[in-house]
Amino acid sequence: GMAPAAATEEPGKKPSFGMGLLGGFVGALVGSIIYYFIFKTTGVRIFLALGVGALAGFLANYLGKGEGSKELGGITAVFVIVGVLAAQYFVILGLWNEVVHVAEDAGYSERLATAKEVVKAVPSGSDSEIRMYLARQTADAGEVVKPAAVSADEVKEFKEKELPEYQDLASGKISKDQYLARFGADPEKMKKFMSEEGNTFKAFFILYSLNLRAIISMVIGAGLAYKFSTNARGG
């Protein structure tokens, strides 16, 4: 008989609710951090919640040495939902801060970066330099740059209308405040508006974050955590 041997487990193999809880927590935490970085860099998140759930459930079961109670499963599932929500929250908070920055900046930083690029590409302001710059702008990645395709009118318009502004921006002749004033943008007003619109962010976050697929994958992830950590012992 194998049965008596199984009943008297070795001392080191005793199931532990506390260790199971720790495993569930660590699994959900590590999984959520991975979720955060992948969602932030790629925008992909639908299947990640399943991975977080599986990892949390597996570690809860592994460290808990198969403790497998419904309580452990339930708490581990909650860890997964909290972790996944937190990961999404921080990604979207980052996006929101970028929106705020762009609004307060009114596109100045981007325009300045472009201006510096133009001045570098068109140092003497000659037609051939402008033609080459414009051709590079319109060519897609991996495509052959065709300066001949740029018309004389395009070159003339760029030279007369855009180049002087780029040169003034790059040299600092047009300051940020002057640039913003031209568009009637007031950075202080914008800052005030953005800080007062914190509630708009909450709505923006909830709508953006909790689309149906994200909710479903989170629920399935929590279900996996429960199943793995309770050893699927008939529920």
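Which helix gives the largest share of the lining of the largest pocket, and how many residues come from it?

Reply: Helix 2 gives the largest share of that lining, with six residues. The model is a predicted one, in which local features need pLDDT of at least 70, side-chain atom pairs count only at pLDDT 80 or more, and totals for chains, interfaces and linings use all residues. Residues are numbered from 1 along each chain as its sequence is written, and side-chain values use heavy atoms, with hydrogens and water left out.

The pocket may be taken in detail. A pocket is an open set of points on a 1 Å grid over the protein atoms alone where a 1.4 Å probe fits, with protein on both sides within 12 Å along at least five of seven lines; a lining residue has an atom within 4 Å of a point. The largest pocket holds about 150 Å³ of space, the volume being that filled by probe spheres set on grid points joined across faces, edges and corners. Its lining consists of Phe-25, Ala-28, Leu-29, Ser-32, Ile-33, Tyr-36, Phe-79, Val-82, Gly-83, Ala-86 and Ala-87. Two helices, helix 2 (17–42) and helix 4 (70–105), each supply at least two of the lining residues. By class, the lining comprises nine nonpolar residues, two polar ones and no charged ones; here Ala, Val, Leu, Ile, Met, Phe, Trp, Tyr, Cys and Pro count as nonpolar, Asp, Glu, Lys and Arg as charged, and the others, Gly among them, as polar.

Of its 235 residues, 31% are buried, where buried means under 20% relative accessible area, exposed over 50%, and partly exposed in between, with a 1.4 Å probe and protein chains only. The accessible surface comes to about 14200 Å², and carbon and sulfur atoms contribute 64% of it, by the Shrake-Rupley method with a 1.4 Å probe. Among contacts with a separation of 6 or more, 78% join residues 24 or more positions apart, a contact meaning heavy atoms within 4.5 Å.

Nonpolar cores come next. In soluble globular proteins, nonpolar side chains tend to be buried together. A nonpolar core is a set of buried Ala, Val, Leu, Ile, Met, Phe, Trp, Tyr and Cys residues joined through side-chain atoms within 4.5 Å. The largest such core has 18 residues, of which Val-118, Ile-130, Phe-158 and Leu-169 touch the most other members. At least two residues of this core come from each of helix 5 (108–121), helix 6 (127–138), helix 7 (152–171) and helix 8 (176–182), and helix 7 gives the most, with five. Beyond four places in sequence, Ile-130 touches Val-122, Gly-125, Val-155, Phe-158, Lys-159 and Leu-163. A second, separate core of 17 residues includes Val-52, Ala-56, Ala-87 and Ile-92; Ala-87 is also one of the residues lining the largest pocket.

Thr-41 is placed in helix 2 and is exposed, at 64% relative accessible area. Its C-alpha atom is separated by 9.4 Å from that of Val-91, which is 50 residues apart from it along the chain. In helix 3, Ala-60 is buried, with a relative accessible area of 0%. Apart from neighbours within four places in sequence, Ala-60 is in contact with Gly-20, Gly-23, Gly-24, Leu-72, Thr-76 and Ser-229. Between Ala-60 and Leu-72, twelve residues apart in sequence, the C-alpha distance is 7.7 Å.

Lys-65 lies in the loop between helix 3 (48–63) and helix 4. Lys-65 has a phi near 50 degrees, a positive value in a residue other than glycine, and is partly exposed, at 41% relative accessible area.

Two later positions end the account. Lys-192 belongs to helix 9 (residues 187–196) and counts as exposed because its relative accessibility is 53%; Lys-192 and Glu-104 are 88 residues apart in sequence, with 9.7 Å from C-alpha to C-alpha. Ala-214 belongs to helix 11 (residues 212–229) and counts as buried because its relative accessibility is 2%. Ala-214 and Gln-88 are 126 residues apart in sequence, with a C-alpha to C-alpha distance of 9.7 Å.

Definitions and conventions: Helix = DSSP H or I, 4+ residues; strand = E, 2+ residues; numbered from the N terminus.
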